[in-house]
Amino acid sequence: MDNLQTTYLGLKLKNPLIAGSCGLTNSVTNIKELASKGIGAVVIKSLFEEQIHVDTEKIIKNEQGKVSTFTKAPDTILSKRIYDYDEAYSYIYDFAKRNSLEKYLDFLKEVKKSVDIPIIASINCVSNQDWHAFAKRIEETKVDALELNIYILPSDWRRSGEDNEKIYYDIIREVRNYVNLPIAVKIGYYFSSLAQSVQKLSESGIKGLVLFNRPYNTDFDIDNITLSHGQIYSSEEEYNHTLRWISILSGHVNCDLSASTGVHDHNAFIKQLLAGATSVQIASALYREGLDIIPEILNKTSEWMAKHKFKDVAEFRGKLSKTNLENPAAIERVQFMKLYSGIE
Ligand SMILES: Cc1cc2nc3c(=O)[nH]c(=O)nc-3n(C[C@H](O)[C@H](O)[C@H](O)COP(=O)(O)O)c2cc1C
C-alpha cells in the first residue's frame, strides 16, 4: 500500500491512520498487534501532568530525607497546585502511586524496541507548573514525537479567554526549551475564536495540531438524582464536527492537522483527508469494531483511490477544504437555510 504513504510531524508514515491515545496503546502486546494490522503510527496512552507532580514531589522529599514512604498525600501536592478539590487530589495521588514515571519510561523504551512504526508519547496537561523537564526524559527513550493533550475547560469566570490561552503558549514554550522532539498539541474546541486561536497555535513552533480531544461528557441519572457521565466511546455520527474545522482551517495553518473523533470507517477517514487532514486518529473504533477495522479502512481507501484514479494521498488531500472560501460561515448559513427551511 505504498500509495498511502504520508508525512506527519516530519515523520514518515506508511499511511495516515494513527491509533489515538487510549487504553489500547498502553501495552507492548497491543501496540505490536496494532502495528501488525497496518497502523501508520501510535500515540501512547497519556501520562498525566499530575503524575509528574506527585513523583517529583516524592523524589524531592526522599532526597531531603523527610519522607521515606509514599503512603500519605502531602497537602503541598496538587491541591495547592491545581485543584481546590480534595477528592480530585486524593484520587490523582493514588493513581500516580500506581502508575510511576519510571514504569512509563521503561514502557516507552520497550515499545520502541518492539515495533518499527513511529511512536508518539503523550502528556495530558492543564497547567504550566514545573513538569516540563520530564519531557526530556521522554525524549531520551527515543520516541519519535510528543503529543501534548492540553485541555483547559474555560469554566472559571475569573479568568479571561486570554488568561486561559496563555497557558497553551507557556506550556509549548517550556516544553520546547527541554526537547527537540516534534510536538503535536491536541486541543478541545472551547475557544472564543477557534479559527484565530488555532492559527496562532500553529505558529508557536509546534509541528501538528490534533482536532479535537473528545471531552468527558457530563450527564445526570434522573432515577437516583445523581451525576453520571456520557458515552465513553464516540459514535460514527460524531465525525462532522471535526470535518467542519479541518476543512475550514487546513491551508490556513502553519502545521499539520490530525483529525480525531468519530472516525469509525473508511468513509469518515477519506472525508477527513479530503478536508485536508495530514493524519487521522482512531480510538473508539478500535474498541467497538476490533483491530481488524485497521486493514478494512486501509483496503477500502485503496479501492476508493483506484476507483477515482488517485495515485497517492497528496492527490486528493484537501480537495474539499474550504481554503479558497472567503467566508465559510456565510456558506454554512445558506446551506442551513436551504436544508432546514423546507422541512415542515
Ligand atoms: C478508553 C479511552 C481512553 C482514552 N485515553 C486518552 C488519553 O490518555 N489521552 C488522550 O489524549 N486521549 C485519550 N482518549 C481520547 C482519544 O484519544 C480520542 O481523542 C477520543 O476518543 C476521540 O476519538 P474517537 O472518536 O476515535 O474515539 C481516550 C479515549 C478512550 C475511549
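This is a short walk through the structure, one selection at a time.

Before you start, note that this is a predicted model, in which local features need pLDDT of at least 70, side-chain atom pairs count only at pLDDT 80 or more, and totals for chains, interfaces and linings use all residues. Residues are numbered from 1 along each chain as its sequence is written, and side-chain values use heavy atoms, with hydrogens and water left out.

**Stop 1: the ligand**

Select the ligand and the residues around it. Of the 18 residues there, Ser21, Ser46, Asn149, Ser234 and Ser284 come nearest; a residue counts as near when one of its heavy atoms lies within 4 Å. Now look at some polar contacts, meaning pairs of N or O atoms within 3.5 Å (within protein, one atom must be able to donate a hydrogen and the other to accept it, and residues adjacent in sequence count only if both atoms are side-chain atoms). Ser21 uses its backbone: one of its N or O atoms there lies 2.6 Å from an oxygen atom of the ligand. Asn149 takes part through its side chain, with an N or O atom 2.7 Å from a ligand oxygen. Lys186 also uses its side chain, and here the distance to an oxygen atom of the ligand is 2.9 Å. How much of the ligand's own accessible area does the protein cover? The protein covers 88% of the 600 Å² that the ligand has on its own, with areas taken from the Shrake-Rupley method with a 1.4 Å probe (for residues, only the protein chains shown count as cover).

**Stop 2**

Next, select residues 256-260, which form strand 12. Helices (H or I, at least four residues) and strands (E, at least two) are DSSP runs, numbered from the N terminus. Four of the five residues in strand 12 are buried; buried means under 20% relative accessible area, exposed over 50%, and partly exposed in between (1.4 Å probe, protein chains only).

From strand 12 the chain passes through helix 9 (residues 266-275) to strand 13, in a right-handed β-α-β crossover. Right-handed here means that, with the strands pointing away from the viewer, the path from the first strand over the helix to the second runs clockwise.

Stay with Leu211 for a moment. The peptide bond from Leu211 to Phe212 is cis, with omega near 0°, and Phe212 lies in the loop between strand 9 and strand 10 (218-221).

**Stop 2: salt bridges**

How many salt bridges does the structure hold? There are 14, each a side-chain nitrogen of Lys or Arg within 4 Å of a carboxyl oxygen of Asp or Glu. Select Asp292 and Lys37, whose closest N and O atoms are 2.6 Å apart. This pair links distant parts of the chain, 255 residues apart: Asp292 is in the loop between helix 10 (284-289) and helix 11 (293-307), while Lys37 is in the loop between helix 1 (28-36) and strand 4 (41-43). Asp292 is partly exposed at 47% relative accessible area, and Lys37 is partly exposed at 25%.

Move on to Glu315 and Lys311, a salt bridge with its closest N and O atoms 3.4 Å apart. Glu315 is partly exposed at 34%, whereas Lys311 is exposed at 64%. Salt bridges with shared partners also join Lys166, Asp170, Arg173 and Glu174 into one network. Is Asp170 buried or exposed? Asp170 is buried, with a relative accessible area of 12%, and sits in helix 6 (residues 161-178).

**Stop 3: two residues with positive phi**

Finish in the loops. Select Lys142, between helix 5 (134-140) and strand 7 (145-150). Its phi is near 75°, a positive value in a residue other than glycine, and Lys142 is exposed at 62% relative accessibility. Then select Ile225, in the loop between strand 10 and strand 11 (226-229). Phi of Ile225 is near 50°, again positive in a residue other than glycine, and Ile225 is exposed at 73%.
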